Amino acid sequence: MVSFTGGTGDKPWSELSRGLPVSGDVNALCFDAKTAFRLFAATHEGIWSLEGSESEWADFNGDMPRIMTSDIVIDEFSGFLIAGTHGAGVWLHDLSFSRH
């Protein structure tokens, strides 16, 4: 699995997959526009987050089962991260407590 950042004009792409599970693909990405920089990745092993200037993804599953997550979206009105899974339904996570 390889993720990249950058890539405009003559600028090179940079790998951004450190910390993501190696056993599955990234199915969806979601950017939290209410923070300085936070990106979420839906994978075959749940949800992962990358924050600010950190260079490694962190597990964001909490009490959600570690299961294939096919899509994620942030509802800006409610502040919930909504995750669609394969076999475990839809999960909501309130982002309002972690937004600055």
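## A salt bridge between D59 and R66

R66 is partly exposed, with a relative accessible area of 47%. Partly exposed means between two cut-offs: buried is under 20% relative accessible area and exposed is over 50% (1.4 Å probe, protein chains only). The partner of R66 is D59, and the two form a salt bridge. Their closest N and O atoms are 2.3 Å apart. D59 is also partly exposed, with a relative accessible area of 36%. A salt bridge here is a side-chain nitrogen of Lys or Arg within 4 Å of a carboxyl oxygen of Asp or Glu.

This is a predicted model: local features need pLDDT of at least 70, side-chain atom pairs count only at pLDDT 80 or more, and totals for chains, interfaces and linings use all residues. Residues are numbered from 1 along each chain as its sequence is written, and side-chain values use heavy atoms, leaving out hydrogens and water.

## A network around R38

The structure holds four salt bridges. D32, R38 and E51 are linked in a network of them. R38 meets D32 through their side chains, at 3.0 Å from N to O. R38 also meets E51, at 3.7 Å from N to O. R38 lies in strand β4 and E51 in strand β5, so this pair ties together parts that are 13 residues apart in sequence.

D32 is buried, with a value of 0%. E51 is partly exposed, at 32%.

## Strands and the sheet

The chain has zero helices and nine strands. From the N terminus on, its elements run β-β-β-β-β-β-β-β-β. Both kinds of element are DSSP runs, numbered from the N terminus: helices are H or I with at least four residues, and strands are E with at least two.

Four strands make an open sheet in the order β3-β4-β5-β6, with antiparallel pairing. Its edge strands are β3 and β6 (58–59), and each pairs on one side only. Two strands pair if DSSP finds at least two bridges between them. Strands of a sheet pair through backbone hydrogen bonds, either parallel or antiparallel.

Look next at β4 and β5 (residues 46–51). Six bridges join these antiparallel strands. The bridge partner of A41 in β5 is W48.

Of the 100 residues of the chain, 34% count as buried. In soluble globular proteins, nonpolar side chains tend to be buried together. A nonpolar core is a set of buried Ala, Val, Leu, Ile, Met, Phe, Trp, Tyr and Cys residues joined through side-chain atoms within 4.5 Å.

The largest nonpolar core has twelve residues: A28, C30, F40, A42, I47, F60, M64, I72, I74, L81, A83 and L95. Four strands each supply at least two residues of this core: β3 (26–31), β4 (38–43), β7 (69–75) and β8 (80–85).

## An aromatic pair

The count of aromatic pairs comes to two. One of them joins F31 and F37 and is tilted: 5.8 Å centre to centre, with 55 degrees between the planes. The rule covers rings of Phe, Tyr and Trp (its six-membered ring), which pair if their centres lie within 6.5 Å. Planes under 30 degrees apart count as stacked, over 60 as edge-to-face and the rest as tilted.

F31 counts as partly exposed, at 43% relative accessibility. F37 counts as partly exposed too, at 32%.

## N27 and its contacts

N27 is found in strand β3. N27 counts as partly exposed, at 32% relative accessibility. Which residues does N27 touch, not counting those up to four places away in sequence? They are A42, T43, H44, M68, T69 and S70. Contact means heavy atoms within 4.5 Å.

Two of these residues deserve a further look. N27 and T43 are 16 residues apart along the chain, and their C-alpha atoms are separated by 5.5 Å. A polar atom of the N27 side chain lies 2.9 Å from the backbone oxygen of T69.

Finally, consider the contacts of the whole chain. Among those between residues at least 6 apart in sequence, 28% join residues at least 24 apart.

Notes:
A polar contact is a pair of N or O atoms within 3.5 Å; within protein, one must be able to donate a hydrogen and the other to accept it, and residues adjacent in sequence count only if both atoms are side-chain atoms.
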